[in-house]
Amino acid sequence: MGAVLVAFAVSCGAPDDSHERTPVTSVGNLQITDAYAPAPAAPDVGSLYFTVINQGSEPETLVAVETSAGGTASLHEMTRVDGVMRMLATGPFSIAPSDTLRMAPGGYHVMLEQISVRPEVGDTLDVVLSFARTGRIELRVPVLTYTDVARLLEDPGDHEH
Ligand SMILES: [Cu+2]
């Protein structure tokens with residue numbers, strides 16, 4: 001095997017203008033895009049967003065999420081109940097063939113609770129997604145301000161309308 005090339009990104013305190021969109025992670029029939037974590041506003045509760053595209057011909061199920069923040073990670077959905085937006089935990093989430101699970105503020109998200117290592121802006125969260133068919137997919141998710149995450153996820157690069 002060749003030498004391992006290690007690149008150091010030097011933080012120079014540049015103004016916080018535009019963030020690169022995260023690269024697409026492809027494993028088997030799955031593509032993971034738009035993975036971002038807002039820096040938690042509370043000490044031990046945070047959230048995480050990503051998009052899963054199932055390009056296979058069989059349904060796929062997102063079974064579990066783990067992160068380097070520790071604690072628990074569970075899939076939540078925002079739902080209107082009696083006129084009030086509430087968060088509901090969803091179980092393992094099935095993604096039909098050619099379908100997409102898209103997480104964004106106000107919709108699906110992964111809720112991080114009982115965090116032991118609080119992510120700060122500029123950190124990278126190591127995330128492992130476990131799928132029933134594809135198995136484990138590892139992601140390195142940038143931690144941004146909530147404003148940046150909301151802006152990135154409200155304005156997808158590929159407009160479909
Ligand atoms: Cu939640």
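What percentage of the 161 residues in the protein chain do buried residues make up? The share is 21%, in what is a predicted model. Here are some views to explore.

View 1. If you follow the sequence, the elements come in the pattern β-β-β-β-β-β-β-β-β-β-β-α. Among contacts with a separation of 6 or more, 70% join residues 24 or more positions apart.

**View 2. Helix α1 spans residues 146-154 and has Val149, Leu152 and Leu153 as its buried residues.** These three cover an arc of only 90° around the axis, so they sit on the same side of α1. As a reminder, an α-helix has 3.6 residues a turn, so residues three or four places apart point the same way. Look at the face turned away from the buried side of α1 and you will find the exposed residues Thr147 and Glu154. The cover over the buried residues of α1 includes strands β2 (30-38), β3 (45-54) and β11 (135-144).

**View 3. The largest nonpolar core holds 26 residues.** Tyr36, Leu48, Tyr49, Phe50, Leu125 and Val141 have the most contacts inside this core. At least two core residues come from each of β2, β3, β5 (72-81), β9 (109-113), β10 (124-131), β11 and α1. Strand β2 gives the most, with five residues.

**View 4. Phe50 is one of the core residues with the most contacts inside the core.** Leaving aside residues up to four places away in sequence, Phe50 touches Ile32, Asp34, Ala35, Met103 and Leu139.

Key
Residues numbered from 1 in each chain as written. Predicted model: local features only at pLDDT ≥ 70, side-chain atom pairs only at ≥ 80, totals over all residues. Buried ≥ 20, exposed ≤ 12 C-beta atoms within 10 Å, placed from the backbone. Helix = DSSP H or I, 4+ residues; strand = E, 2+ residues; numbered from the N terminus. Arc of directions from axis to C-beta. Contact = placed C-beta atoms within 7 Å. Core = buried A, V, L, I, M, F, W, Y, C linked by C-beta atoms within 7 Å.
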